[in-house]
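Here is a briefing for a first look at this structure. Keep the sequence and the 3D view open while reading.

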Amino acid sequence: MRARREFRDRRGVEVEVLDALVDRSEEGMTVFEVRAAVDADIDEIEAALAALKDDGLISVEDGEDRVVILVDDRVVPDPEADRTEERGYIDAIRDRLGL
């Protein structure tokens with residue numbers, strides 16, 4: 001899953017980090033998991049994480065056995081809205097073709 005459209009106008013690495021975190025929005029990711037999911041060096045990932053945290057788009061939770069990075073709920077797209085929008089396009093095409 002990809003981050004909501006309004007959060008995609010950021011640097012490439014930041015968008016990749018957001019996309020990775022959106023895919024695991026329920027359980028979050030460790031820094032190592034983010035590093036494995038994002039095709040960038042650790043310095044770029046650290047800078048992206050710092051910028052996203054400063055902007056309030058991610059949070060860091062210290063769990064019992066590991067530190068987890070979570071994406072803010074407003075970054076996660078609503079799957080129902082996407083289905084409705086997609087269905088609307090398909091219906092418009094069908095109507096246009098007379099099907």
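Arg66 and Glu33 meet side chain to side chain in a salt bridge, at 3.7 Å from N to O. A salt bridge here is a side-chain nitrogen of Lys or Arg within 4 Å of a carboxyl oxygen of Asp or Glu. The pair ties distant parts of the chain together: Arg66 sits in the loop between β1 and β2, Glu33 in helix α2, and 33 residues separate them. The model is predicted; local features need pLDDT of at least 70, side-chain atom pairs count only at pLDDT 80 or more, and totals for chains, interfaces and linings use all residues. Residues are numbered from 1 along each chain as its sequence is written, and side-chain values use heavy atoms, with hydrogens and water left out.

**Salt bridges**

- The structure holds nine salt bridges.
- Arg66 is partly exposed, at 32% relative accessibility. Partly exposed lies between two cut-offs: buried means under 20% relative accessible area, and exposed means over 50% (1.4 Å probe, protein chains only).
- Glu33 is also partly exposed, with a relative accessible area of 24%.
- Glu33 has a salt bridge with Arg24 as well, at 3.3 Å from N to O.
- Arg24 in turn forms a salt bridge with Glu27, where the closest N and O atoms are 2.8 Å apart.
- Arg24 is partly exposed at 24% relative accessible area, and Glu27 is partly exposed at 41%.

**Overall layout**

- The protein chain has four helices and two strands. Both are DSSP runs numbered from the N terminus: helices are H or I with at least four residues, strands are E with at least two.
- From the N terminus on, the order of elements is α-α-α-β-β-α.
- The protein chain has 99 residues, and buried residues make up 30% of them.

**The strand pair**

- Strand β1 covers residues 58-62 and strand β2 covers residues 67-71. They pair in the antiparallel sense over five bridges. Two strands count as paired if DSSP finds at least two bridges between them.
- A hairpin of four residues joins β1 to β2.
- Which residues of β2 are the bridge partners of Val60 and Ile58? Val60 has Ile69 as its partner, and Ile58 has Val71.
- Four of the five residues of β2 are buried, so the strand is largely enclosed by the rest of the structure.

**The negative patch**

- Glu16, Asp39, Asp41, Asp43, Glu44 and Glu46 gather in a patch of negative charge on the surface.
- Patches are made of residues with over 30% relative accessible area and no salt bridge; like charges are joined within 9 Å, nonpolar side chains (Val, Leu, Ile, Met, Phe, Trp, Tyr) within 5 Å.
- Asp and Glu count as negative, Lys and Arg as positive; His and the chain ends are not counted.
- Helix α3 (residues 42-54) supplies the largest share of the patch, three residues.
- Asp43 is found in helix α3. Is Asp43 buried or exposed? Asp43 is exposed, with a relative accessible area of 56%.

- Val34 lies in helix α2, which spans residues 31-37. Val34 counts as buried, at 0% relative accessibility.
- Val34 and Leu49 are 15 residues apart along the chain, and their C-alpha atoms are separated by 9.7 Å.
- Arg10 lies in the segment before α1 (12-23). Arg10 counts as partly exposed, at 23% relative accessibility.
- Arg10 and Ala48 are 38 residues apart in sequence, yet 9.6 Å apart in space, C-alpha to C-alpha.

Key: Areas by Shrake-Rupley, 256 points an atom, 1.4 Å probe, with all protein chains shown as cover. Charge placed at Lys NZ, Arg CZ, Asp CG, Glu CD.
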